[in-house]
Amino acid sequence: MENSIHFTLNPDTIENLQVYAEMLDKDVSTLMEEALDAYFAEVQKRFLERNIADENAMTNLDYDEFWEGVEV
């Protein structure tokens, strides 16, 4: 069974989809899949960057404080 979602796009977006699909010699479904894949990759990248920033914020020691007393 195929999953489907129904949604509405504004006329400008529909026109852009048709124009770019023609320019790129792709069907609109392929173009939308590629665009959504790129969008999801970007959002995931932002989430990962935010998580790294949050983890770094939890460390309140600077470099010297962290390594103080450690002999190598």
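pLDDT is the predictor's confidence in each residue, from 0 to 100. You need it here, as this model is predicted.

**Stop 1: the whole chain.** Colour the protein chain by pLDDT. Its mean is 88, and 94% of the residues reach 70 or more. Which element has the lowest mean pLDDT? Select residues 63–67: that is helix H3, with a mean of 75. H1 has the highest mean, 96. Where pLDDT is low, the predicted coordinates should not be read in detail.

**Stop 2: helix H1.** Select residues 11–23. Now show asparagine 10, at the start of H1. One of its side-chain oxygens comes to within 3.1 Å of the backbone nitrogen of aspartate 12. Then go past the other end to aspartate 25, which follows H1 and has a positive phi, near 55°.

**Stop 3: helix H2.** Show aspartate 27 next. Aspartate 27 caps the N-terminal end of H2. Its side-chain oxygen lies 3.1 Å from the backbone nitrogen of serine 29. Now select residues 28–58, which form H2. H2 has 31 residues and reaches 45 Å from first C-alpha to last, close to the 45 Å expected.

**Stop 4: where H1 meets H2.** Show both helices together. At what angle do H1 and H2 pack? The angle is about 100°, and the axes are 9 Å apart. Angles of 65 to 115 degrees count as roughly perpendicular, so H1 and H2 are roughly perpendicular to each other. Select Leu17, Tyr20 and Ala21 in H1; they meet Val28, Leu31 and Met32 in H2. By class, this contact has 6 nonpolar residues, no polar ones and no charged ones.

Terms used:
Residues are numbered from 1 along each chain as its sequence is written. This is a predicted model: local features need pLDDT of at least 70, side-chain atom pairs count only at pLDDT 80 or more; totals for chains, interfaces and linings use all residues. Side-chain values use heavy atoms; hydrogens and water are left out. A polar contact is a pair of N or O atoms within 3.5 Å; within protein, one must be able to donate a hydrogen and the other to accept it, and residues adjacent in sequence count only if both atoms are side-chain atoms. Helices (H or I, at least four residues) and strands (E, at least two) are DSSP runs, numbered from the N terminus. Axes are lines fitted to C-alpha atoms, for helices over the stretch in contact, and angles run from 0 to 180 degrees between N-to-C directions. Angles under 35 degrees count as roughly parallel, over 145 as roughly antiparallel, 65 to 115 as roughly perpendicular and the rest as oblique. Contact means heavy atoms within 4.5 Å. Ala, Val, Leu, Ile, Met, Phe, Trp, Tyr, Cys and Pro count as nonpolar, Asp, Glu, Lys and Arg as charged, and the others, Gly among them, as polar. The expected span of a helix is 1.5 Å times one less than its number of residues.
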